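Here is a short tour of the model, written for someone who likes to check distances and angles along the way. Have the viewer ready and follow the headings.

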Protein chains: 2
Amino acid sequence: MSDSRQGTEKAAAPQRKDVRRNKQILLDAAAAVFVTSGVEAPVRDIAARAGVGIGTIYRHFPTRADLIVAVFRHQVETCVEAGPALLASCPTAYDALERWIDLFVDFLVTKHGLAAALQHDNAGFETLHAHFIDHLVPVCTQLLDAATAAGEIRSGIGGLQLMRGVGNLCVGAENDPSYDPRALVTLLVAGLRQPHRSGSESGAADGEP
Amino acid sequence: MSDSRQGTEKAAAPQRKDVRRNKQILLDAAAAVFVTSGVEAPVRDIAARAGVGIGTIYRHFPTRADLIVAVFRHQVETCVEAGPALLASCPTAYDALERWIDLFVDFLVTKHGLAAALQHDNAGFETLHAHFIDHLVPVCTQLLDAATAAGEIRSGIGGLQLMRGVGNLCVGAENDPSYDPRALVTLLVAGLRQPHRSGSESGAADGEP
DNA sequence: GGCGAAACGGAACCCGGTTCCATAAGTCGT
DNA sequence: ACGACTTATGGAACCGGGTTCCGTTTCGCC
């Protein structure tokens, strides 16, 4: 099953070079089609764009989700690496978290339909889901933990939970300019904040008359 | 546009009584199937359950979304009516908003796949979308406005925006017990709170106490 | 150059929404 | 009560879109 599951990114060399070539052609074609038609583009379109048969796609990527994962693997990596970097470079852990989430939102909203694809439990999309979860959640958790440890946010929400929330909020952003996922994500993250000691500079809000 | 705009629920009297009867049978069957198989259940299943042909469904409900709307119309109404009631009975507008949102979340999470269906812009689901938007958004906006006027929340987010956010957060709740949309929605709504001017919230002061 | 293995292409299949139309059933005038 | 007309019904057929299958082609190695 997992010919692509090598520990390093270097998969074992495929014996035939047309295989390697085709795989690359496919990845390029898929990336191109994803940009123009979104992640939900028909497999046939990608095959056509790549100039290969449908069977070839399925040989390389057992399901569309695998193809999506492959195409975006690099960017997921980037996002993963950004976590610790932000933690090191930001004044507060909360800051780092905020910016990392922003990065993630950027990633999602710039790929048409990616967020939507992520929540399709149906189909064979568990691969996609799993890949994102596996790689991104630990980073998110780390940031969350750091902010919690610093007393900057309320605890009680896990990295997975937060990621899913953010991912969900990003669904449908591209088809509707009036929908601004970033604003909502900002709200969500703001909700995480723990007013240090709820000292209640409260002003107007929380006091019940 | 106008078909949904009837003052009363009474549509013009259907001439033939089998029509009325079948429509009701269909609604019942659909409701039953939705409960067991979720909102995304195949139209054929609903037809089978109702003991009618597929054509009959489409005669009554041009698209699946219309059927969904019809089935849930009553509960949407209930939600709509709850808005002003909460506003009247809650100590603060923010409280009312919080509880209304909670009601809405309840509604969404108890209907398998409804939230997901709501965001499918594809297909003929704009009817569904539109119905929810038309009826629920004004209520939400009202609550939001009241809370804003009372200086209890930051302004800058619209009713539509908030509803979409909440709806999105509720997607996928039913297939995954580890996902708790309510917690995230709570966070989101908490983020709405405006701590007058603590932290980096610079300037503006549109709160005017 | 020839041979076996691996890859390829794309027709075929499955599934689900939607359309269409011949047929059945209801309604109404007489 | 009956026939003509109107409207509703059932379900086969159609349209994508994902996925599978297999005869054919190509590759790599002797």
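On the face of H2(B) that is turned away from its buried side sit the exposed residues Arg44(B), Ala48(B) and Arg49(B). The buried residues of this helix are Val43(B), Ile46(B), Ala47(B) and Ala50(B). Looking down the axis of H2(B), you will find these buried residues within an arc of 100 degrees, so they line one face of the helix. Keep in mind as you read on that this is a predicted model.

What do the buried residues of H2(B) pack against? Their partners are H1, H3 and helix H4 (64-89) of chain B. Just after H2(B) comes Gly51(B), which has a positive phi of about 75 degrees.

## Around DNA strand C

DNA strand C is surrounded by 25 residues, and the closest are Asn22(A), Gly53(A), Thr56(A), Arg44(B) and Arg64(B). Of the atoms of DNA strand C that come within 4 Å of the protein, sugar and phosphate account for 59%. At least two residues each come from H1 and helix H3 (54-60) of chain A, and from helix H1 (17-37), helix H2 (43-50) and helix H3 (54-60) of chain B.

A backbone N or O atom of Gly53(A) is 2.8 Å from a phosphate oxygen of DNA strand C. For Tyr58(B), a polar side-chain atom lies 2.8 Å from a phosphate oxygen of DNA strand C. Arg44(A) reaches a base instead: one of its polar side-chain atoms is 3.0 Å from a base nitrogen of DNA strand C.

## Around DNA strand D

How many residues lie around DNA strand D, and which come nearest? There are 24, of which Arg44(A), Asn22(B), Gly53(B), Thr56(B) and Arg59(B) come nearest. Sugar or phosphate makes up 63% of the atoms of DNA strand D within 4 Å of the protein, and the rest belong to bases. The surface near DNA strand D divides into nine charged, eight nonpolar and seven polar residues. Here H3(B) gives the most, with five residues. H1, helix H2 (43-50) and H3 of chain A, along with H1 and H3 of chain B, each supply at least two residues.

A side-chain N or O atom of Arg16(B) is 2.7 Å from a base oxygen, and a side-chain N or O atom of Arg44(B) is 3.1 Å from a base nitrogen. On the phosphate side, a polar backbone atom of Val43(A) lies 3.0 Å from a phosphate oxygen of DNA strand D.

Ile25(A) belongs to helix H1 (residues 17-37) of chain A. With a relative accessibility of 29%, Ile25(A) counts as partly exposed. Its C-alpha atom is separated by 9.0 Å from that of Val52(A), 27 residues apart along the chain.

Leaving aside residues up to four places away in sequence, His60(A) touches Val19(A), Asn22(A), Lys23(A) and Leu26(A).

## How the two chains relate

The same surface serves both copies, as 78% of the contact residues of chain A recur in chain B.

Asn168(B) gives a view of contacts between the chains. This residue is in helix H8 (residues 159-169) of chain B and counts as buried at 4% relative accessibility. A polar atom of its side chain lies 3.2 Å from the backbone oxygen of Val171(A). Not counting residues up to four places away in sequence, Asn168(B) touches Asn168(A), Leu169(A), Val171(A), Tyr179(A) and Gln119(B).

Methods:
Residues numbered from 1 in each chain as written. Chains lettered and ligands numbered in written order. Predicted model: local features only at pLDDT ≥ 70, side-chain atom pairs only at ≥ 80, totals over all residues. Heavy atoms only, no water. Buried < 20%, exposed > 50% of the residue type's maximum accessible area, 1.4 Å probe, protein only. Near = heavy atom within 4 Å. Polar contact = N/O pair within 3.5 Å; in protein donor to acceptor, adjacent residues only side chain to side chain. Contact = heavy atoms within 4.5 Å. Arc of directions from axis to C-beta. Nonpolar A, V, L, I, M, F, W, Y, C, P; charged D, E, K, R; others polar.
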